[in-house]
Amino acid sequence: MPAAIAISQNEQDWIKHYLQETYDISVVDTFDCHALSDAITKKTGTKISYSTFRRLFDLVANTNTQSKFVLNALAVAVGFKNWEEFKHHVAFFDTNVINQNIQIYYRQLPNSNNLILETIKKLPISTWMGGYQLQNIITIAIENNDFDLLQKVVHLPYEIEKQNVYEHLVISFQSFYFQSIKNNEVVIEFVRTNIGSSILLQKCLLQAYVDEKYLDCFLGKWFDSVQENTLPDLILFKNLLLCQKSFNNKELDKATAYFKLVLKEFKKSSESIHPILKARIGLWDLVLNNNKQKMDYYFASLSDPHDKANFAVIGSRLFWTYYDETLPISFLDTITIKEFPAVKDFFQKGRYNVLLLTLAIHHYLKQERQQSREYFELFNATSLSYDIVNIEFYLPWIERLKLIK
């Protein structure tokens with residue numbers, strides 16, 4: 001029988017951290033160990049017994065050893081090739097060393113720029129800690145006007161197709177958004193210059209922080225700088241927002257022209273585009289062409305509940321903003337909250353929460369006060385996720401719904 005392999009305390013701490021964050025399970029008892037075991041089996045096809053997790057999380061006596069099979073399975077479960085690759089990662093990652101390197105960079109000591117770039121490349125960006133450390137470095141780089149470093153960062157080959165990498169990078173890039181809101185022209189110009197070639201800026205800034213009230217400012221400039229589909233349907237997304245910008249400015253001819261470009265792009269990939277884009281297309285077809293069937297038609301084409309939530313939240317807000325703020329919306333009556341699956345990540349949690357608020361508004365407009373109150377009581381006003389950029393639309397509704405008796 002192969003000898004058990006010893007695990008260092010540092011390795012044990014980090015594998016526990018990765019497991020809990022990857023599967024969004026906080027392990028405090030045996031029930032959580034069962035849940036973690038089932039989640040890993042579902043994701044990887046490999047069964048790791050719940051008793052292994054009881055030992056790993058010190059719920060029973062722990063010898064700090066595991067078989068090679070279990071260690072490899074644990075590493076694969078959190079995105080590594082095997083345990084050796086995980087050990088190598090942990091050996092290079094030390095929170096204290098990274099914090100020291102950030103201080104060295106902040107003070108601009110000799111060779112600090114090369115040091116911080118190598119540090120960035122080794123950050124555990126698939127964890128929230130790594131995401132916030134990168135955010136801290138980006139903030140310092142902006143303060144130092146170190147756009148040479150930032151240019152290298154926004155072109156790094158991160159695996160943004162992985163959700164746990166993408167959502168952490170969105171937080172890391174938040175400083176670009178905050179500085180642009182403050183009208184930091186240097187940052188705005190940096191993004192404008194690089195966004196055409198940076199997948200990270202397109203995905204983790206432009207598409208993540210769709211703050212429509214800045215379409216006449218930095219957001220419009222960024223969209224104007226995107227000339228090709230480096231991401232799926234990016235040009236479609238761009239023309240939809242520029243259509244909205246033109247409509248806001250009462251330039252109906254320009255809005256109509258942009259929407260014609262939208263429909264042309266839409267015909268190329270109408271089945272595969274994101275439900276949020278379908279919601280926007282249906283709304284502008286209604287506003288500009290008085291086509292009253294498209295929103296219901298596009299919504300009916302969706303089967304995944306999360307897709308329906310995305311469509312419903314964005315489509316409803318735009319409908320009440322640009323078409324009629326007093327009308328309930330028919331497709332919202334087809335949503336059954338009880339059948340909604342468990343939400344898995346920060347984005348889904350926030351979007352589901354705003355869906356509850358959307359349904360509360362809908363039933364309020366239908367004069368169905370009891371149902372409106374029931375949905376509103378499920379809503380958490382502190383959990384808006386990326387919909388926080390539309391808080392000005394939702395705040396008056398939150399205050400109104402609080403008064404329902």
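Q: Is Asn111 buried or exposed?
A: Start with the cut-offs: buried means under 20% relative accessible area, exposed means over 50%, and partly exposed is in between (1.4 Å probe, protein chains only). Asn111 has a relative accessible area of 54%, so it counts as exposed. The model is predicted, so local features need pLDDT of at least 70, side-chain atom pairs count only at pLDDT 80 or more, and totals for chains, interfaces and linings use all residues. Residues are numbered from 1 along each chain as its sequence is written, and side-chain values use heavy atoms, with hydrogens and water left out.

Q: Where is Asn111, and what is its phi?
A: Helices (H or I, at least four residues) and strands (E, at least two) are DSSP runs, numbered from the N terminus. Asn111 sits in the loop between helix 6 (95-106) and helix 7. Its phi is near 65°, which is positive in a residue other than glycine.

Q: Which value does phi take at Lys250, and where is that residue?
A: Lys250 is not a glycine, yet its phi is positive, at about 60°. Lys250 lies in the loop between helix 15 (234-248) and helix 16. Lys250 is exposed because its relative accessible area is 72%.

Q: How does Ser67 count by accessibility?
A: Ser67 has 32% relative accessibility, so it counts as partly exposed. It is found in the loop between strand 2 (65-66) and helix 4 (68-77). Ser67 and Ile5 are 62 residues apart along the chain, and their C-alpha atoms are separated by 5.9 Å.

Q: What separates Lys268 from Arg351?
A: These two are 83 residues apart along the chain, and their C-alpha atoms are separated by 28 Å. Lys268 belongs to helix 16 (residues 252-268). With a relative accessible area of 62%, Lys268 is exposed.

Q: How does the radius of gyration relate to that of a compact globule?
A: The radius is taken over C-alpha atoms, and the globule rule is 2.2 Å times the number of residues to the power 0.38. For 405 residues, a compact globule would be near 22 Å; the protein has 24 Å, which agrees.

Q: How do I read aromatic pairs, and how many are there?
A: A pair of aromatic rings is described by the distance of the centres and the angle of the planes. Rings of Phe, Tyr and Trp (its six-membered ring) pair if their centres lie within 6.5 Å; planes under 30 degrees apart count as stacked, over 60 as edge-to-face and the rest as tilted. The structure holds 27 aromatic pairs. One of them, Phe299 with Phe331, is stacked: 4.8 Å centre to centre, with 25° between the planes. This pair links distant parts of the chain, 32 residues apart. Phe299 is in helix 18 (residues 294-300), while Phe331 is in the loop between helix 19 (305-322) and helix 20 (346-365). Both Phe299 and Phe331 are buried.

Q: Which residues form an aromatic cluster?
A: Trp14, Tyr18, Phe80, Trp83 and Phe86 form one.

Q: Which charged residues lie over a ring face?
A: A charge sits over a ring if NZ of Lys or CZ of Arg is within 6 Å of the ring centre and within 35 degrees of the ring normal. Arg369 lies over the face of Tyr364, at 3.9 Å from the ring centre. Arg400 lies over the face of Trp397, at 4.1 Å.

Q: How do I read a pocket, and what is the volume of the largest pocket?
A: Rolling a probe the size of a water molecule over the atoms shows where empty space is left. A pocket here, on a 1 Å grid over the protein atoms alone with a 1.4 Å probe, is an open set of points with protein on both sides within 12 Å along at least five of seven lines; lining residues have an atom within 4 Å of a point. A volume is the space filled by probe spheres set on the points, which are joined across faces, edges and corners. The largest pocket has a volume of about 1,300 Å³. Its lining has 38 residues, and Thr22, Lys43, Ser126, Gln163 and Asn164 lie nearest its centre.

Q: What classes make up the lining of the largest pocket?
A: Ala, Val, Leu, Ile, Met, Phe, Trp, Tyr, Cys and Pro count as nonpolar, Asp, Glu, Lys and Arg as charged, and the others, Gly among them, as polar. This lining has 17 nonpolar, eight polar and 13 charged residues.

Q: Which helix gives the most to the lining of the second largest pocket?
A: Helix 19 does, with six residues. The second largest pocket holds about 930 Å³ of space. Nearest its centre lie Tyr166, Lys203, His274, Ile276 and Phe347, out of 35 lining residues.
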